[in-house]
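Biologist: Could you walk me through the aromatic rings in this one? I am new to this, so please take it step by step.
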Amino acid sequence: MATLLIVHHTPSPHCQAMFEAVVAGANDPEIEGVRVVRRAALAATAADVLAADGYLLGTPANLGYMSGALKHFFDQIYYPCLDTTQGRPFGYYVHGGNDVTGAVRGIESVVKGLGWRRAAEAVTVTGEPDKAGVEACRELGASLAAGLMD
């Protein structure tokens with residue numbers, strides 16, 4: 001069975017709404033043969049990454065960058081996972097108060113170094129997530145999970 005690892009930092013109600021939508025999409029009943037594993041960014045390990053077939057990342061934009069928790073996750077897994085996970089699919093979502101540019105740039109830089117393959121367009125939301133933003137997150141989760149089906 002394929003595994004989708006969702007690594008998230010969810011410190012606010014807005015991030016929580018986006019996270020819940022991603023999880024709902026990844027667990028869509030039409031998607032079969034994919035196990036969805038959720039890990040808080042500060043708890044996710046290299047073993048989690050090595051055991052997964054694809055990745056979905058979620059973070060707020062904090063002070064012009066990804067959250068410290070997601071950065072810590074990347075710092076912990078980068079070298080242990082560098083050679084083994086190249087080419088694996090990923091997607092991500094970012095929430096920001098008014099700008100997500102720095103967070104997006106940071107994530108893109110790290111995943112490029114890891115050699116991960118973008119499997120879906122990023123979802124970025126500023127301010128309160130509206131219906132379209134939440135639905136985009138649900139579709140992101142469903143797309144990543146469906147892409148791992150045999």
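Predicted model: local features only at pLDDT ≥ 70, side-chain atom pairs only at ≥ 80, totals over all residues.

Biologist: OK, how many aromatic pairs does the count come to?
Modeller: The count comes to five aromatic pairs. One of them joins Tyr-55 and Trp-116, whose ring centres are 4.2 Å apart with planes at 20 degrees, and because planes under 30 degrees apart count as stacked, this pair is called stacked.

Biologist: And where in the chain do Tyr-55 and Trp-116 sit?
Modeller: Tyr-55 belongs to strand E3 (residues 54-62), while Trp-116 lies in the loop between helix H4 (101-114) and strand E6 (117-118), so the pair links distant parts of the chain, 61 residues apart.

Biologist: Are Tyr-55 and Trp-116 buried or exposed?
Modeller: Tyr-55 has a relative accessibility of 1% and counts as buried, and Trp-116, with a relative accessible area of 7%, is buried too.

Biologist: What about Tyr-78 and Tyr-79, how are their rings arranged?
Modeller: Their ring centres lie 5.0 Å apart and the planes are at 80 degrees, so the pair of Tyr-78 and Tyr-79 is edge-to-face. Tyr-79 counts as exposed, at 67% relative accessibility.

Biologist: Back to Tyr-55, which residues form one aromatic cluster with it?
Modeller: That cluster is formed by Tyr-55, Phe-90, Tyr-92 and Trp-116.

Methods: Residues numbered from 1 in each chain as written. Heavy atoms only, no water. Phe/Tyr/Trp six-rings, centres within 6.5 Å; stacked < 30°, edge-to-face > 60°. Helix = DSSP H or I, 4+ residues; strand = E, 2+ residues; numbered from the N terminus. Buried < 20%, exposed > 50% of the residue type's maximum accessible area, 1.4 Å probe, protein only.
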